Amino acid sequence: MTAKGLTGKRLRFILLAVLAGGLVLLAVLGPYIAPQDPLLGDASASLQPPSWEHLCGTDKLGRDVFSRILAGAGSSFSLTFLMVLLAALIGTAVGLMAGCCGGFTDSLLSRVTDVFLAFPSSVFAIAVAGILGAGVLNTVFALGLVWWTRYARLTRAAAMQLRERDFIWQARFGGAGEGRILLRYILPEVVPQVVTTISLDIGNMMMSLAGLSFLGLAAQPPAPEWGYMLYESRTYMQTAPWMMLFPGLALLITVIVFNLLGDSVRDMLDPSCR
Amino acid sequence: MTRRTSPFARFWKRHFILSRLISFLLVLLGVSFLTFVVSSLAPSDGAEMYYLSRGITPSPQLLEETREQMGLNQPLLVQYLHWLQNLLRGDLGESYNFGESVLRQLTRKLPNTLALAGAAFLLTALLSLPLGALAAVRRGKVSDLLIRAISFVGVSVPNFWLALLLLYFLAVQLGLFPVIGTGVLKSMALPVLTLALPLSCSYVRQIRTAFLEEMGKDYYIGLKARGIPGWRIFFSHLLSGALSPIVTLAGMSVGSLLGGAAIVETIFGWPGLGSMVVDAIRVRDYPVIQGYVLWMAVIYLLAGLVTDLVCCLLDPRQRQKGFWRRNVRKEGAK
Amino acid sequence: MKVNSEKRKWVAGLLTALLAATALSGCGGGAEETAAVSSDAASSDILRVAMFWVSTNLDPADGYNGWVLSRIGAGETLVRLNENAQPEGCIAESWQQTDENTWVFQIREGVTFSNGKPVDAAACKAAIERAFEENIRAEEYFSPSSIEAEGQTLTIHTSTPNGTLVYNLAEPLFTIVDTEVDEDTMDTAPVTTGPYQVTAFTPEQSVELSRNDQYWDGTPGVSGVSVYSVPDSESRVLAMQAGEADLTTTIDNTSLQLFSDESRYTVYETITPRVNVVYYNNASPLLSDVKMRQAVSYAADKDTYASLIGCAPATGLYSTALVCGQDVEDAYPYDPEAAKQLLDSMGYLDTDGDGIREKDGENIQFQYVIAADHGSSDSALIAQALQADLLEVGLGCNLVQTENMADIRAAGEYDFCSANDSTAPTADPEVFLLQHYYTGGSSNYQHYSNPEVDSLIDTLTATFDPDERQQLARQASEQILADAGSLYVGYIYGNTVVSSRVQGAEQFPIDYYIVTKDITLS
């Protein structure tokens, strides 16, 4: 029973990892395999419906929507990964520090985290990105600023539990300094949880990024970005619905794959969750 | 566990409500500071925006004078204290764009956003409670699998895309929902659906888990063994047992609803706080953005406070955990 | 086990029924209300307008609220601009300039406010003076040294000679409003002279108007007007298609094709004084050379851009809505070969074969600034299209989206920037030249400077004859074109779409006239 469940889980994970890997590969190769130039349009082919020549139709400037989706995948993916890693790094560092040092440091860092948590995340991200102004890096900063708190909470709780465990005390009696204990013993224990959360976050992050782009806060024309493409599509909803359908579909599929992968990673690494 | 409990910590535990209020005020102070700091990151400052929004390109000298007048040359902390002082008097500054007081603008738009969020919340509850319970009761059956599959896709749909799809298929293709008019039930249908659907999907999953947890408990198995009818167990025991996590969910949904409202209001042209802030961002109207963030945080905090108090009434064992402690789980859909 | 599963089914059934019941009751309520509203509106004599903007209050002296009042048929001014953008009498019957600084207006007999109070010169004086007190924008139009009212004669003395005063008084900031009402009434239901009067107002959402039975110029065509704010173009389209609105304006060009069914809709289009323009930074290292500016002008396929964004291809600076913009020959028709020859002749060649020409060994890269208006605006479309065209002739171009356009313009750190500007905000050509092309002009962030143009503008300011003024403006604009001072892409259409119920609508070149007394419903 257990053995079978394990292999089932593993199989599912491998399958999804391959799928996700395929998407990442597509994103990396996107600009090279795009059938047409995603930036240069042919104004005479403005707003063409899907055909064999233009699989997903063309936009107002006559640019191939399919090529733009492919080319846009790269920036969507790399920015999302960058943001999740940034959030995880800051959050884990703060959380470990709070959890291991305890006392005043812990109180202070926890209060700071509380303050950040007091803002509804998307509200805060929109405001920060809005205040800093449009731009990819500003968006990364805004979303990173919002999302690190969950990692901080997570690692703090884990670190506080761990630091009282027997093997840590043994290491401490063995003369290991706090810094060494942190890196050598506590960090490795926390990593699986952090990885789980990262994998669960990717889908959400991707949607948040696209949402900010949709509001015109992230990508800048003519860069093909899914959220921004959807924004552009709005004016042509009736005259060119394909502009709206396909980038959204691409986003949906990607988010579903990464969410499934996240669930599967959680099942593998962190069985206590469910 | 082995940490010693300070008198402070003991007080904290005993006077739950009071301690929550104190920490609420502390966090509020922090929120105001963070809001202020974030606004000061803006690439152009108040003096500059004051002129630019009036179509004047100020000379460096004029700019410097205005900065002096507005107190923008003082240290950040002094500026903050000054700002806080005004804030406590209810003065959030003036919108660069309209010259109107930010507070007035916020109070005018808030009811619209609250109506939208409230309706979306109601719909979410109506959808997710029965479906979540159904999925839990029918665990492993086709209906459960179906509900879970749909809700899984649902949480992965970006709300702005959903809004466009609903608009396209329901309003354009089927002509079901009118688009004009505000404050009227009919024109709320699409924005409310857009807000409620992804949220419901996310909550169906969590409510199902809450019920399943409750159904795994000894008392449930005992009641079942005694042959008590399923529906009676459901209404008299399961529901009350699962209520606490559900209330927590409700509190958290305030955040998702308010955040989601920004995009949804923009798409449907709903004159609430969300579309207000997006417009403000467009014209770099910092005082409005600032006021918006602050209000949102306060509303969210209040929702958290209320949730805590309700949970505490429902289940006194929960009290020492507190809202923000329990809240490490996924925060809503987005 | 079997019993159990049956009970579960029972619970499930109950829940499903509950859900269905709530869903049904929700839908039922909605449907009922919808039906009630639409039948109510369709049968009555109310014109329903989907407007792109409704202000936060209706005080005409505050912000641009006067424009709203004018658009919805409530506000009127002394003078209005007709379908040729020429001034014609409205509340003022006639006027004349008695000396350089003095204008005398004869107020029409029989004009009354909607509350029955007669409009005399004193009332007009009060309204105009109020505009100066409340709004700094008023000073941009003229500066009165004194205003005198006597019976129906209004005399305005200006502190400096002003040839455009009559045009300027048509700006709805100078809406003639009853100033003797309290502030609250001014904000929510100002008393004006137009064919319709405001009866109810919800800030930024809707205005209800009823027929002004006292109207001086015949009986207005409908018994009432309902104006809804629908800021998004696509939603206005939907509102028209669903029959929720009878009239709307400013529809995105691409969506106009949705109204091609002539039995159901009529589309009115007219060229406005607005233009889509790409400003060259005449002082930038690359563009300070007139040949370079000319090369860029030749490389731009502006007819295609114009058709892409749905405006009329521009040949010169002024839109054809103005006399001085008519029959201007295109100085730079699309000619990439001419552009290449110019660039070759300047010695900018692509020596390293990367497709981009070099200047002093470095690739030529223009900085193209577009305002981050967070939209797929025309400016962004033009920028992207021009970028592609420049590449064709071997010129590189970076698009930079910026939040603080004004800073960048002031600092001069750019080569191109796009704008959608009105070349004649009050139908007169002077202001635009003065602000954008006069040396040191307030909006001359393109650093254009030509003494010849400056002296033409000086002459224009001191000239009062309307025909002569148009002639001078034309000369100045031709000189600017010869210098390739800016790239004019297209003249923007204004559009109004009405359903087949509506007769008598019109699209004016000036965008503060929409609802008129002539509109009727069948």
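## Two loop residues in chain C

His447(C) sits in the loop that links helix 13 (430-436) to helix 14 (451-461) of chain C. Keep in mind from the start that this is a predicted model. The phi of His447(C) is near 55°, a positive value in a residue other than glycine.

Ala85(C) belongs to the loop between strand 2 (79-81) and strand 3 (87-89) of chain C. Is Ala85(C) buried or exposed? Its relative accessibility is 0%, so Ala85(C) is buried.

## Chain C as a whole

Chain C contains 15 helices and 21 strands. Of its 522 residues, 56% are buried. Take the contacts in chain C between residues at least 6 apart in sequence: 69% of them join residues at least 24 apart.

Domain 1 of chain C brings 17 residues to the contact, and domain 2 of chain C brings twelve.

How much area is buried between domain 1 and domain 2 of chain C? The figure is about 1100 Å², and carbon and sulfur atoms give 60% of it. On the domain 1 side, Thr164(C), Tyr167(C) and Pro509(C) lose the most area to domain 2, together 37% of what that side buries. By class, the side of domain 1 that touches domain 2 has eight nonpolar, seven polar and two charged residues.

## Where chain A meets chain B

Now to the contact between two chains. Chain A and chain B bury about 4900 Å² between them, with 74% of it on carbon and sulfur atoms. Phe119(A), Ile131(A) and Met207(A) supply 13% of the area that chain A buries against chain B, more than any other three residues. The contact draws 55 residues from chain A and 53 residues from chain B.

What does the rule find across this interface in the way of salt bridges? There is one salt bridge, and it joins the side chains of Arg205(B) and Asp263(A) at 3.8 Å, N to O. Three residue pairs are in polar contact between chain A and chain B, both residues at pLDDT 80 or more.

The elements of chain A that give two or more residues to this side include helix 3 (103-117), helix 5 (136-162) and helix 7 (178-214). Helix 9 of chain A gives the largest share, eleven residues. In total, the side of chain A that touches chain B divides into 33 nonpolar, twelve polar and ten charged residues.

## A leucine in chain B

Leu126(B) lies in helix 6 (residues 102-137) of chain B. Its relative accessible area is 38%, so Leu126(B) is partly exposed. Leu126(B) and Leu302(B) stand 176 residues apart in sequence and 23 Å apart in space, C-alpha to C-alpha.

Key
Residues are numbered from 1 along each chain as its sequence is written. Chains are lettered from A and ligands numbered from 1 in the order in which they are written. This is a predicted model: local features need pLDDT of at least 70, side-chain atom pairs count only at pLDDT 80 or more; totals for chains, interfaces and linings use all residues. Side-chain values use heavy atoms; hydrogens and water are left out. Contact means heavy atoms within 4.5 Å. Buried area is the accessible area (1.4 Å probe) that two parts lose on being put together, summed over both. A salt bridge is a side-chain nitrogen of Lys or Arg within 4 Å of a carboxyl oxygen of Asp or Glu. A polar contact is a pair of N or O atoms within 3.5 Å; within protein, one must be able to donate a hydrogen and the other to accept it, and residues adjacent in sequence count only if both atoms are side-chain atoms. Helices (H or I, at least four residues) and strands (E, at least two) are DSSP runs, numbered from the N terminus. Ala, Val, Leu, Ile, Met, Phe, Trp, Tyr, Cys and Pro count as nonpolar, Asp, Glu, Lys and Arg as charged, and the others, Gly among them, as polar. Buried means under 20% relative accessible area, exposed over 50%, partly exposed in between (1.4 Å probe, protein chains only).
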